Amino acid sequence: MLLVNQIRENYAGVLAGLQKRNVHNAPSILDQVIALDDLRKLTQAQRDQIQAEANTISKQIGILMKEGRAEEAVAIRERTTQIKEQIKDLEEQYSKTEEDLKALLYTIPNVPHSSVPAGKSAEDNEVVLEYGTIPALFDGKLPHWELIKKYDIIDFDLGVKITGAGFPVYKGKGARLQRALINFFLDEALAAGYMEIQPPILVNEDSGYGTGQLPDKEGQMYFATADQLYLIPTAEVPITNLYRDVILSEEDLPIKNVGYTPCFRREAGSWGAHVRGLNRLHQFDKVEVVQITHPDKSYETLESMSSYVQGLLQKLELPYRVLRLCGGDMGFTSALTYDMEVYSAGQERWLEVSSVSNFETYQANRLKLRFKGEDKKTQLAHSLNGSALALPRIVAAILENNQTPEGIKMPKVLHAYLGFESI
RNA sequence: AGAGGGUUGGGUGAGUGGCUGAAACCAACAGUUUGCUAAACUGUCGUACGGGUUAAACUGUACCGGGGGUUCGAAUCCCCCACCCUCUGCCA
């Protein structure tokens, strides 16, 4: 969430940023924040002052009792009765103000970076670059949902039987392709200096708040009611939360972690014509990279993460483009997001396969993720993450783009992982 | 799942309801000294939110797993919750 001081010190900048995100009533929201914070400070000053008085009296009573001057102790004790009432009232007022302020801050998205284009929807995203050539396929080319049936490598009907829609069963070479991609992605990340993490795939409520899934997006996560745990929608949640309530030292930065996890998304209400086959699933596999950096380095890091992800796509020989998301299409917590989309020639569509974001201090503020520099002062770190990569759409594109009448050729880089060269 | 025991600062670990934001030790940091390494000695050594200051200094409040209660006063007493350990049970 945003810092109140950030709003106070850069009111115009924050306002302009929120307007770029099409936030309604941004001025009134920001003014409310400042008013609530003023009230909070005022209430705290009053509360602290009267509490100090009460503490003084209590100490005096202690001293008097020790000296055996009980009557005097009883006399001043009477003064505390009224003070207690006041403290209680002020305490309640303070808590309420603090809660109201926090609740309001939770509703405010991150301020976009200056390079983020204004816009309302995906159509306003800016194409930063395109790479590779779109394959010209033969007549009779198929979308991947036909290919997986033809070669019997992914079975949605079996998934429906044992679980439900959106939970595919990978079989034979389909399963091996999954495993190969996961290993390939992890090995690449290790070579790029990331430390591998294998986190839990259920998380508690605090973790949901830490990375911004909560409040408001609980409907998008599966929830295990008996134990009050959420199934993770992305490894970003457990991995970033490793650093919740942590004060790092500056030399620990940057922290580079990578993790493979299954991801679970309810995707309530988002099913339509364009989400056939592997395009949208309730459970899918993803390798995620997370970095914690010094604030001065985060944009440099974002670019390097973007290049890293592009490198993976190049090795997989997939044509792709990079988008700079516009204010209206960016995630709630992000300051700048690049989406990588691969071209899937069977369905003749661009598919989003990665999203690389800089959250600046937005997550760190919630996480209380700080670092201590040489000046001994603690300050919030910046957090970033990116998919590297999400499997299903990569699989879709590999299958569609490399299909031939004789079979589907696998990218060279995967041959050693797969143990076969075509399906 | 049942019974019992625990949770204190970066770590170990004291703490009888009142001068305890918290002993002691270790680690860390700064300095002094001996020719370097090392050792010894001295000092510093939590976080958050306020007030204060150009910035400091200084100062108030809160925090001893989390929340609530008793009391003039709670790390200390009571209740609820979470987590950890031991034993029993179950189990990949």
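At what angle do the axes of helix H2 and H3 cross, and within what distance do the axes come? In this predicted model, the axes of H2, residues 11-20, and H3 cross at roughly 140° and come within 9 Å. Angles over 145 degrees count as roughly antiparallel and those from 65 to 115 as roughly perpendicular, with the rest, apart from the roughly parallel ones, taken as oblique; H2 and H3 are therefore oblique to each other. The crossing in which H2 passes H3 is right-handed. On the H2 side the contact involves Tyr 11, Val 14, Leu 15, Leu 18 and Gln 19, which meet Ala 26, Pro 27, Leu 30, Asp 31 and Ile 34 of H3. By class, this contact of H2 with H3 comprises eight nonpolar residues, one polar residue and one charged residue.

H3 also packs against H4, at an angle of about 160° and with the two axes 8 Å apart. That angle makes H3 roughly antiparallel to H4. Here the crossing is left-handed. The contact of H3 with H4 contains 19 nonpolar, 10 polar and 10 charged residues.

A further helix pair is formed by H7 (residues 173-191) and H12 (residues 391-401), whose axes lie 11 Å apart at an angle of about 115°. H7 and H12 are therefore roughly perpendicular to each other, and their crossing is right-handed. Leu 177, Gln 178, Leu 181, Ile 182 and Phe 185 of H7 meet Leu 391, Ile 394, Val 395, Ile 398 and Leu 399 of H12. The class count for the contact of H7 with H12 is nine nonpolar residues, one polar residue and no charged residues.

Of the atoms of RNA strand B that come within 4 Å of the protein, 67% belong to sugar and phosphate. Phosphate oxygens of RNA strand B are approached by polar side-chain atoms of Arg 370, at 2.8 Å, and of Lys 372, at 2.9 Å. The elements giving two or more residues to the surface near the strand are helix H3 (26-66), helix H4 (70-106) and strand E14 (369-372). Among these, H3 gives the most, with 13 residues. By class, the surface near RNA strand B has nine charged, seven polar and five nonpolar residues.

Some features of the backbone fall in loops. The peptide bond joining Leu 214 and Pro 215 is cis, with omega about -5°; Pro 215 lies in the loop between helix H8 (205-211) and strand E6 (223-224). Another cis peptide bond runs from Leu 253 to Pro 254, with omega near -5°. Pro 254 is placed in the loop between strand E8 (246-249) and strand E9 (255-264). Gln 228, a residue other than glycine, has a positive phi near 60°, and is located in the loop between E6 and strand E7 (229-231).

Note on methods
Residues are numbered from 1 along each chain as its sequence is written. Chains are lettered from A and ligands numbered from 1 in the order in which they are written. This is a predicted model: local features need pLDDT of at least 70, side-chain atom pairs count only at pLDDT 80 or more; totals for chains, interfaces and linings use all residues. Side-chain values use heavy atoms; hydrogens and water are left out. A residue is near a molecule or strand if one of its heavy atoms lies within 4 Å of it. A polar contact is a pair of N or O atoms within 3.5 Å; within protein, one must be able to donate a hydrogen and the other to accept it, and residues adjacent in sequence count only if both atoms are side-chain atoms. Helices (H or I, at least four residues) and strands (E, at least two) are DSSP runs, numbered from the N terminus. Ala, Val, Leu, Ile, Met, Phe, Trp, Tyr, Cys and Pro count as nonpolar, Asp, Glu, Lys and Arg as charged, and the others, Gly among them, as polar. Axes are lines fitted to C-alpha atoms, for helices over the stretch in contact, and angles run from 0 to 180 degrees between N-to-C directions. Angles under 35 degrees count as roughly parallel, over 145 as roughly antiparallel, 65 to 115 as roughly perpendicular and the rest as oblique. A crossing is left-handed if the near helix is turned anticlockwise from the far one by less than a right angle, and right-handed if clockwise. Contact means heavy atoms within 4.5 Å.
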